[in-house]
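Let's walk through a protein model together, one stop at a time. Have the sequence and the 3D view open, and try to find each residue as it comes up.

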Amino acid sequence: MIKPYERFVYYYETDKMGIMHHSNYIRIFEESRVDFLKQAGMPFEDIEAKGILMPVLSAECNYKHPLRFAEPFSVYMTITKFNGVSLFVSYKIFSRTTGKLCAEGTTSHCFTNEMLVPIRIKNSYPDVFKVFYDYFENPINVPKKI
């Protein structure tokens, strides 16, 4: 069972206003993807060792409520579209202190070889395909508030 990604806001991630700088939310999205793969039993480094890359094609974030230094948060990640060539992911970041939705966003990716040529992983890498497909078919339940 995949669990939400959880951690605290680090001091260096905050700005003069005392809140997490907006650029760090995109980094949190990436951390949650890496954590998902580790929890799913297919760490990112194992995927790359097979010669598969997953470049980000787009990233978007909408900010709802600021996170502050040392505030604990959870990231709920959902695969919204997956076909073995491309991957679309949505994220919701909640404060574990207030339960409020702090940010939500999306990223899109494709699968490529090391030459950055798009590949289909369904037949070539069925073990990798299964990790994403299983989570796509059985996503984590994302709350409206925690």
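At 3.0 Å, the side chain of N24 reaches the backbone oxygen of E13, a polar contact (a pair of N or O atoms within 3.5 Å; within protein, one must be able to donate a hydrogen and the other to accept it, and residues adjacent in sequence count only if both atoms are side-chain atoms). This is a predicted model, in which local features need pLDDT of at least 70 and side-chain atom pairs count only at pLDDT 80 or more, while totals for chains, interfaces and linings use all residues. Residues are numbered from 1 along each chain as its sequence is written, and side-chain values use heavy atoms, with hydrogens and water left out.

Where do the two partners sit? N24 has its place in helix α1, and E13 lies in the loop between β1 (5–8) and α1. Helices (H or I, at least four residues) and strands (E, at least two) are DSSP runs, numbered from the N terminus. With a relative accessible area of 6%, N24 is buried, and E13 is buried too, at 2%. Here buried means under 20% relative accessible area, exposed means over 50%, and partly exposed is in between (1.4 Å probe, protein chains only).

The side chain of E13 has a polar atom 2.8 Å from the backbone nitrogen of Y10. Leaving aside neighbours within four places in sequence, E13 is in contact (heavy atoms within 4.5 Å) with R7, F8, I19, M20, H21, N24 and I28.

Now turn to the largest nonpolar core. Such a core is a set of buried Ala, Val, Leu, Ile, Met, Phe, Trp, Tyr and Cys residues joined through side-chain atoms within 4.5 Å. Which of its 37 residues touch the most other members? They are F36, I93, F111 and F132. At least two residues each come from α1 (23–39), β3 (72–82), β4 (86–95), β5 (101–110) and α4 (126–137), and β3 supplies the largest share, six residues. Look at F132: apart from neighbours within four places in sequence, F132 is in contact with F36, L37, I47, M54, I79, F82, L87 and F111.

Next, look for empty space. Rolling a probe the size of a water molecule over the atoms shows where such space is left. On a 1 Å grid over the protein atoms alone, a cavity is a set of points where a 1.4 Å probe fits but cannot get out, and a pocket is an open set with protein on both sides within 12 Å along at least five of seven lines; lining residues have an atom within 4 Å of a point. Grid points are joined across faces, edges and corners, and a volume is the space filled by probe spheres set on the points.

The largest cavity has a volume of about 70 Å³. Of its 13 lining residues, I2, K3, Y5, V75 and M77 are the closest to the centre. Helix α1 gives the most to this lining, with four residues.

The largest pocket has a volume of about 150 Å³. Its lining has 14 residues, and E30, R33, F44, M54 and H109 lie nearest the centre. Again α1 gives the most, with five residues.

Our last stop is L101, in strand β5. Is L101 buried, partly exposed or exposed? At 22% relative accessibility, L101 counts as partly exposed. Leaving aside neighbours within four places in sequence, L101 is in contact with K64, H65, K92, I93 and F94.
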